[in-house]
Amino acid sequence: MSALNSVLTVSRRYGSGTSAIVNRLSELYDLPVYGKDYICRNVQNKEDMKQQNDLIRELAKEPCIIVGRGASEVLKDQPNVINIYVFADRKDRIARIAKKENLSLEDAEKRVRAVDKERGTYYEKNTGKYWGDFDNYDIILDSSKYGIDRCADIIVEYLKRNNLV
């Protein structure tokens, strides 16, 4: 596969299967993936948004995939950034989390609700924008409708058609 010459930011609903999509893209294009764990581990104060945003900008100097952390907004003025949003039907997300984390459907539903609320609050607090507003993204995918593999294929096709690989 050709080299990717862009940065992909990926926002997602919890349980939408985004990790599998991102892992496939990472393997296809030999790209590092950076998310909350990496970013918070590599700043002096994980509560300091300026430090996180500075690290995101530094990481985005090279092609990579950045998951979450409001990266779509942090990098909004950078021309080589493709912003992706993945969501799925709530029922599918709950089932996926129940299976993945070995939880009852009831506990998985509580977890999905809590994580979605946490992500939405984080995004809105730190960007001033509504999390999940489709106007903030270049590609919006419903993994319930297309499935994990097809979502990755759609992103690959988008990158090819736009001469980004």
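Start by selecting Thr9, which sits in strand 1; helices (H or I, at least four residues) and strands (E, at least two) are DSSP runs numbered from the N terminus. The model is predicted: local features need pLDDT of at least 70 and side-chain atom pairs pLDDT 80 or more, while totals for chains, interfaces and linings use all residues. Residues are numbered from 1 along each chain as its sequence is written, and side-chain values use heavy atoms, with hydrogens and water left out.

Thr9 counts as buried, at 1% relative accessibility (buried is under 20% relative accessible area, exposed over 50%, partly exposed in between; 1.4 Å probe, protein chains only).

Next, select Leu8, Leu25, Ile65, Ile84 and Leu159, the residues with the most contacts inside the largest nonpolar core, which has 21 residues (buried Ala, Val, Leu, Ile, Met, Phe, Trp, Tyr and Cys joined through side-chain atoms within 4.5 Å). Helix 7 (143-161) is one of the elements that supply at least two core residues each; its share, five residues, is the largest. A second, separate core of 14 residues includes Val7, Ile39, Val43 and Leu59.

Finally, show Arg69 and Tyr122: Arg69 lies over the ring face of Tyr122, 4.0 Å from the ring centre (NZ of Lys or CZ of Arg within 6 Å of the centre and within 35 degrees of the ring normal).
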